[in-house]
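Good morning, and thank you for coming. Please look at the sequence and the structure while I go through them.

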Amino acid sequence: VELITSCNNNKTTQEKTKFVIDGLNLCLSSGLTSVQTNDESHYHIYKSLCDNNQLPIRVFLTPTYDDLNRNSKEGGVSDVSIQTDNTSRLQIDRIKIFSDGSLGAETAAIRSLDESESDIKGIL
């Protein structure tokens with residue numbers, strides 16, 4: 001996740017928008033009519049595309065819990081009402097909450113560290 005996040009965070013909104021459009025068009029060309037995405041802090045990109053009729057397929061955006069603390073200009077959803085209008089190509093009707101991770105990905109919250117382990121304690 002950090003590899004992709006570090007690359008994506010260095011991109012401009014215009015570059016991120018192009019990636020989203022290209023990805024959605026690839027999905028459309030493969031026959032998909034909708035996608036569910038967990039793109040953190042990307043609400044403003046999807047909303048702009050929807051408002052300009054540029055979403056080629058329906059998008060079910062699932063913001064993360066952290067997006068609740070950011071407003072829509074920052075990509076979050078703290079000032080956005082849940083959208084369940086079936087005529088819109090952009091749907092927001094759920095929030096992604098991580099309750100635990102995995103030991104292999106070092107995202108599981110652990111109480112104590114083994115001396116042979118790294119100092120990563122997971123996500124709390």
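The chain exposes about 8,800 Å², and carbon and sulfur atoms supply 49% of that area. Please keep in mind that this is a predicted model. Of the 124 residues of the chain, 26% count as buried.

Let me turn to the overall build. The chain contains 3 helices and 3 strands. Along the sequence, these elements follow the pattern α-α-β-α-β-β. As for contacts between residues at least 6 apart in sequence, 58% join residues at least 24 apart.

Next comes the sheet. In general, the strands of a sheet pair through backbone hydrogen bonds, either parallel or antiparallel. Which sense do we find here, and in what order do the strands lie? The sheet is open, its 3 strands have the order β1-β2-β3, and the pairing is parallel. The edge strands are β1, residues 34-37, and β3, residues 90-91, and each of them pairs on one side only. Strand β2 covers residues 58-61, and β1 pairs with β2 in the parallel sense over 4 bridges. Within this pair, V35 stands opposite V59 of β2.

Why is I95 called partly exposed? The relative accessible area of I95 is 31%, and partly exposed is the class between buried, under 20%, and exposed, over 50%.

Technical notes: Residues are numbered from 1 along each chain as its sequence is written. This is a predicted model: local features need pLDDT of at least 70, side-chain atom pairs count only at pLDDT 80 or more; totals for chains, interfaces and linings use all residues. Side-chain values use heavy atoms; hydrogens and water are left out. Two strands pair if DSSP finds at least two bridges between them. Helices (H or I, at least four residues) and strands (E, at least two) are DSSP runs, numbered from the N terminus. Buried means under 20% relative accessible area, exposed over 50%, partly exposed in between (1.4 Å probe, protein chains only). Contact means heavy atoms within 4.5 Å. Accessible areas come from the Shrake-Rupley method with a 1.4 Å probe; for residues, only the protein chains shown count as cover.
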